[in-house]
Amino acid sequence: MPRPRPEGRNATSLEAHLGAECAMSRILPGLLLLFLLSGPAMAVPHWGAAKSSPAGTPPAALRPGEWVWGGDAKDMGPMAVVVSLTEQRAYVYRNGLLIGVSSISSGKPGYATPTGVFTILQKDKDHRSNVYNNAPMPYQQRLTWEGVALHAGGLPGYPESHGCIHLPTEFARLLFESSHLGMVVVIAKDRASPSDLVHPLVTSPIDPATGALAVMPPLGPGTQYRWEPEKSPQGPLSMVLSTIDRRLVVLRNGIEIGRAQVEFRDGAPPAGTHAYQVASTDPGGLPTWRRIGIPGHEREAGEILPADQVKRVSLPPQFTAQVLPLLQPGVVLLLTDLHLLAESTGPSLQLINADPPDL
């Protein structure tokens, strides 16, 4: 039955009101649907810890979503990444030194993340999935054109992605800003890759230019040092000293060119992980070391390492003579109680000459 027409002077306004109500009844469901689709779905969540764990945190001690980023500078040398699907961790190296490590989540059953050597093909800070409901994939770094990439994502502590490698958001941002197109990424797992790739250590197990395995053998019995500068004739220099293994490794352009036994005078070596940079050299070529403020040791930034601390380090004199001329301002030394050696090579040996030139 038709609705009676309103009468009186308010008839027109009442009709308009009823008409507006009918219009809104048709519009509101559409607006609500649009809100549901564009509101929460468009929001980009933040995954993982907001800040780095202290430098020197053992990778195995990182819980899901935790990570370490010790700092970076692109002029320090080439960058490379090793992803261990077995460990569910990613290791970032700059000039052969470990500068970052993070928990990850890789492909779940049916969507396995492939292993092998890859390079960054494309970078997209605000990428969204073309396949999975426009899902946010912040700081995406594409590894294959079939959909495998590094990006920020969920980190439940086990493989749960559709093939990509999920990283904590802040770690993904730092890596995105430091990396470049063409950077090598090696993905490894047990029974498909060498153990040195599945369980990486403080120095990079790969050639940063090719991704090929580049692990150097340990020093042989009775051998105090090895010096092979021809393996990488040019490029930035970095060094890492493991206090637990009593070894110093020298890297140039991401390739190891030397290693030596180390002893410490006057007591035990320093504890923890610390970073130093050559600030200057004196007329005799001896460097002055400045502390770098890495996570957990931020207050050390800019401090000059006392000379008596430098003199505690004892190296074979022939090795020191080769290294000293290369220690120009900017060279970085990482001192850590993490392992350089995959397994023990036996008790440390006392050096024949305990008084070489100081580093």
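## A strand pair and its sheet

Strand E12 (residues 237–242) and strand E13 (residues 247–252) pair in the antiparallel sense over 6 bridges, where strands are DSSP runs of E with at least two residues, numbered from the N terminus, and two strands pair if DSSP finds at least two bridges between them. Within this pairing, Arg252 of E13 is the bridge partner of Leu237.

Both strands belong to an open sheet of 7 strands with mixed pairing, in the order E11-E14-E13-E12-E19-E16-E17. Because strand E11 (225–227) and strand E17 (287–292) stand at the edges with a single partner strand each, one side of each is left without a neighbour in the sheet.

## About the model

This is a predicted model, in which local features need pLDDT of at least 70 and side-chain atom pairs count only at pLDDT 80 or more, while totals for chains, interfaces and linings use all residues. Residues are numbered from 1 along each chain as its sequence is written, and side-chain values use heavy atoms, leaving out hydrogens and water.

## Salt bridges

The structure holds 11 salt bridges, each being a side-chain nitrogen of Lys or Arg within 4 Å of a carboxyl oxygen of Asp or Glu. One of them joins Arg246 and Glu263 at 3.4 Å, N to O; this pair links distant parts of the chain, since Arg246 lies in the loop between E12 and E13 and Glu263 in strand E15 (residues 263–264), 17 residues apart.

Another salt bridge joins Glu66 and Arg63, whose closest N and O atoms are 2.9 Å apart. Glu66 counts as buried at 18% relative accessibility, whereas Arg63 counts as exposed at 56% (buried means under 20% relative accessible area, exposed over 50%, partly exposed in between, with a 1.4 Å probe and protein chains only).

Notes: Helices (H or I, at least four residues) and strands (E, at least two) are DSSP runs, numbered from the N terminus.
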